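Please look at the model first.

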Amino acid sequence: MLRAALQAGTAQRHSVFELFGRTLPEGRRYGVVAGVGRALRALRHFRFDDESLAFLRDREVVDDVTADWLADYRFSGNIWGYPEGEIYFPGSPLLVVEGSFAEAVLLETVFLSIYNHDSAIASAASRMTAMANGRPCIEMGSRRTQELAAVAAARAAYIAGFETTSNLEAGRRYGVPTAGTAAHSFTLLFDSEREAFRAQLDALGTGTTLLVDTYDVAEAVRTGIELAGGELGAIRLDSGDLAEAARRVRRQLDELGATKTKIIVTSDLDEWNIAALSGAPVDGYGVGTALVTGSGHPTSGFVYKLVARAVDADPASPLVPVAKKSTNKTSIGGRKYALRRLDERGVAEAEVIGIGEPARGDHNDRPLLVPLVREGEIVGDEPLTAARERHVRARAELPLDARKMSRGGPVIETIYVEPDGDQLLSPYRSRR
């Protein structure tokens, strides 16, 4: 596209692209924005070096004119977006990218790959932490996904409320708090479970977590509490009927005087399992496979579409809306502005999208787009804790139906408003 646009003289036309989703994953009532920080980092390092250009030339992907243009590539336009941790709905303009066609079109794949993955993980994580209802969730999915995706998944899960990750690279790279437990192989290494527990306690102290279901759970609990002098930090259950096992172990721990010893459960947990364990004496959840695969929805289904462009390459030329009319893939033309409409109690009522200009809000409606890049300079960097805190606030605004695990559509509707104030019926609908 770039090569042909350069040759045709249209590459420098002022253009606006938007990244959005036409639907939520099937049955979901809201989504969570994640990947903003990673996308900005990718943009900062988005360059074509000599080796890359040689590859493109050798395979005749580009001609010399295009290669020369790519050699000097630096995005110089403007980007607005929903900040990380924010809630989104069908049609929400999560990114608005404004610049020349050539500059903006090159960012499609890198932005979509990051947003589609990270938002899928964060959306699943938000449902899990909502069902945990204040009990901590531990991200433990690194062995169930690609190695670099595992690091990104730990970051996204932390934004949506997970307390810690077992992925140490996520701790090093992003500052996500880290925690973990021993595997069954550690117990099997020793001649007896007692020796294994003693070795772990000697190395890590009594605040450690012992895995107690390698052999007999009740015997393992007795041994662990004895060796820890009654001050064991936690035990982990990883098999069987977790609710019943937790109740038995809690009674046993209390009878042994280990009333402060916590119970952590793992074993293919998802949001439904966590909800089912709400009445059990569980102190924390370790979640792996379901989390890093988006709990059945490993991508968010986002697209990156041209919604407006100038009539020619003159910088003063006006923008005209453009849109697809394809069956089931319709888009709405024109640059978008978004706000969250709230009622008098501060509960979200609608996603209001202005076309061409901001929709009019009232005293408590909340604008959603923030500047991320201004004239090529990244201005949207923020600490990961800010995204985490934002998610707590944004999720708390949603109607109570947002917490339902039953299948349903978006918990609030999306409304499009034209400059004359007319409202459009949204072409975007979630699958129920």
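## Overall build

The chain's secondary structure comes to 15 helices and 20 strands. Both are DSSP runs, numbered from the N terminus: helices are H or I with at least four residues, strands are E with at least two. The C-alpha trace spans about 80 × 55 × 35 Å along its principal axes.

Of the 432 residues, 51% count as buried. Here buried means under 20% relative accessible area, exposed over 50%, and partly exposed in between, with a 1.4 Å probe and protein chains only. Contact means heavy atoms within 4.5 Å. Among contacts between residues at least 6 apart in sequence, 71% join residues at least 24 apart.

## Basis of the values

This is a predicted model, where local features need pLDDT of at least 70 and side-chain atom pairs count only at pLDDT 80 or more, while totals for chains, interfaces and linings use all residues. Residues are numbered from 1 along each chain as its sequence is written, and side-chain values use heavy atoms, leaving out hydrogens and water.

## Helix α6 and N116

Helix α6 covers residues 108–132. Its 25 residues should span 36 Å at 1.5 Å a residue, and its end C-alpha atoms are 36 Å apart, which agrees. The expected span is 1.5 Å times one less than the number of residues. The helix is mostly covered, with 22 of its 25 residues buried.

N116 sits in α6. Its relative accessible area is 12%, so N116 is buried. Leaving aside residues up to four places away in sequence, N116 touches P298, T299, S300, G301 and F302. A polar atom of the N116 side chain lies 3.0 Å from the backbone nitrogen of G301. A polar contact is a pair of N or O atoms within 3.5 Å; within protein, one must be able to donate a hydrogen and the other to accept it, and residues adjacent in sequence count only if both atoms are side-chain atoms.

## Helix α7

Helix α7 runs over residues 147–159. Because 11 of its 13 residues are buried, α7 is largely enclosed by the rest of the structure. Among those buried are R155, Y158 and I159.

Q146 caps the N-terminal end: a side-chain oxygen lies 2.8 Å from the backbone nitrogen of L148. G161 follows α7, with a positive phi near 115°.

## Pocket and cavities

The largest pocket holds about 460 Å³ of space. Of its 21 lining residues, M140, R143, R144, R236 and D238 are the closest to its centre. The lining divides into six nonpolar, 10 polar and five charged residues.

There are three cavities of 30 Å³ or more. The largest cavity has a volume of about 60 Å³. Its lining includes E18, K336 and Y428.

On a 1 Å grid over the protein atoms alone, a cavity is a set of points where a 1.4 Å probe fits but cannot get out; a pocket is an open set with protein on both sides within 12 Å along at least five of seven lines; lining residues have an atom within 4 Å of a point. Points are joined across faces, edges and corners, and a volume is the space filled by probe spheres set on them. Ala, Val, Leu, Ile, Met, Phe, Trp, Tyr, Cys and Pro count as nonpolar, Asp, Glu, Lys and Arg as charged, and the others, Gly among them, as polar.

## Positive phi angles

Most residues other than glycine have a negative phi. N133 is not a glycine, yet has a positive phi of about 55°.

D268 lies in the loop between β10 (262–265) and α13 (271–276). Its relative accessible area is 63%, so D268 is exposed.
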